[in-house]
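Biologist: Please take me through this model, one question at a time.

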Amino acid sequence: MTAPYTICLGTVGSGLWTSTDGGDSWRRVMRGLWSESRVFGLTVHPTQPRTLFAGADDGLYKSEDGGQSFARLDSPMNGMDVWKIAVDAADPDIIFAGTRPAALFRSKDGGRSWQKLPADIAEECPNVRVPRVTALTVDPSDHRIVWAGVEVDGVQRSLDGGDTWERVAGGLDDPDIHDIGVNINGTKRVLTTTPREIFASTDAGKSWHGIGVAGQFQLPYCRSLTARADDPNVLFVATGDGAVGTTGAIQRSTDGGRSWKAMPLPVAPNSPIWAFATHAADPGLIVSISHYGEVYASSDGGDAWRKLPREFTETRTVAWLPN
């Protein structure tokens, strides 16, 4: 039975897969992307719900048919790993992309032309050797503020729409950045995840403090974070027992991150939970993936989860779009 949405899943070495029946069956995308592509990032256009951007191991791609086919956007990123894409919701012609080796790019014309941005990012780093952009977020309340996180080289912030960048690290004592989210609920708070902590800033990144996940999360290795599309108080964090660990968990907060609860999953995940997909078309529908190919879905805002039957190889990203 056709579902009212399409799930898109990016794998490492097995291409991009889509499901139009809620995850019961899947089809590998064979038009525009290679079947063995490594797909690192997926981002849905904020005003064109059938338009999807994909970051792969040879550049940036765009789909205008809900992920069924793609065309590569010619750019300086051709031949590079594109890990993150962010579209400015206030001006969707402005698109940011982050790569490995770590660099930031911007288009002001919907992806037709690109420029590399002047961010000072390390060329080598501990652990992963070659830094990569693992977080890229445009502030929803002020689109001049753009955030980028680098694994492993800290947080970069722009206050002028990407023209200039500076590293912000006051109190942020771990440069191994996994994700960044801007939470707006009366006051604005920026959250960033690292391997063993979530840091928060209420002054646009001038200072940061850890929220103390070691005392709240049984599995404190943190990857992606996201907010429910219609309620900034409801946050989700993907966690596990390590980067190449053997299990994972989904942590949810209903009070803006002050307290957290591990949500019951139908089985113990086979690896850390890695990423989430949400969409304003149905805020209660949340899809999540584990690092090694399991897919979980909730239709009630994260209260109850089911494991979808298909399992994949190593995964990096997931998105869903309304049909």
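Biologist: Which residues have the most contacts inside the largest nonpolar core?

Modeller: This is a predicted model, in which local features need pLDDT of at least 70 and side-chain atom pairs count only at pLDDT 80 or more, while totals for chains, interfaces and linings use all residues. Residues are numbered from 1 along each chain as its sequence is written, and side-chain values use heavy atoms, without hydrogens and water. A nonpolar core is a set of buried Ala, Val, Leu, Ile, Met, Phe, Trp, Tyr and Cys residues joined through side-chain atoms within 4.5 Å, where buried means under 20% relative accessible area, exposed over 50% and partly exposed in between (1.4 Å probe, protein chains only). The largest has 19 residues, and those with the most contacts inside it are Ile7, Leu9, Trp26, Val287, Ile289, Val295 and Val318.

Biologist: Which strands each supply at least two residues of this core?

Modeller: Strands are DSSP runs of E with at least two residues, numbered from the N terminus. Those that each supply at least two residues of the core are β1 (5-11), β24 (273-277), β25 (286-290), β26 (295-298) and β28 (315-322).

Biologist: With which residues is Trp26 in contact, leaving aside its neighbours within four places in sequence?

Modeller: Trp26 is one of the core residues with the most contacts. Contact means heavy atoms within 4.5 Å. Leaving those neighbours aside, the partners of Trp26 are Ile7, Leu9, Trp17, Thr18, Ser19, Leu308, Arg310 and Phe312.

Biologist: How many residues does the other core have, the one that lies apart?

Modeller: Among its members are Phe96, Ala119, Val146 and Val150. This separate core numbers 15 residues.

Biologist: Which are the edge strands of the open sheet formed by 4 strands?

Modeller: Two strands pair if DSSP finds at least two bridges between them. In this sheet the order is β24-β25-β26-β27, with antiparallel pairing. β26 and β27 are joined over 2 bridges, and Tyr296 stands opposite Lys307 in β27. Each edge strand pairs on one side only, and these are β24 and β27 (306-307).

Biologist: Are the residues of strand β13 buried or exposed?

Modeller: Strand β13 covers residues 146-151. Val146, Ala148 and Val150 point one way from β13, whereas Trp147, Gly149 and Glu151 point the other way.

Biologist: How many residues lie between β13 and β14 in their hairpin?

Modeller: β13 has an antiparallel partner in β12 (residues 132-138), over 6 bridges, and there Thr137 stands opposite Trp147. β13 is also joined to β14 (residues 154-158) by 5 bridges, again antiparallel, with Gly154 as the bridge partner of Val150. The number of residues between β13 and β14 in the hairpin is 2.

Biologist: What is omega for the cis peptide bond that joins Glu151 and Val152?

Modeller: Most peptide bonds are trans. A cis bond also runs from Arg100 to Pro101, with omega near -5 degrees, and Pro101 lies in the loop between β9 (95-100) and β10 (104-107). Val152 has its place in the loop between β13 and β14. For the bond that joins Glu151 and Val152, omega is about 15 degrees.

Biologist: Why does Arg129 count as exposed?

Modeller: Arg129 lies in the loop between β11 and β12 and has a positive phi of about 70 degrees although it is not a glycine. Asn127, in the loop between β11 (115-116) and β12, also has a positive phi of about 70 degrees, and Asn127 counts as exposed because its relative accessibility is 71%. Arg129 counts as exposed because its relative accessibility is 54%.
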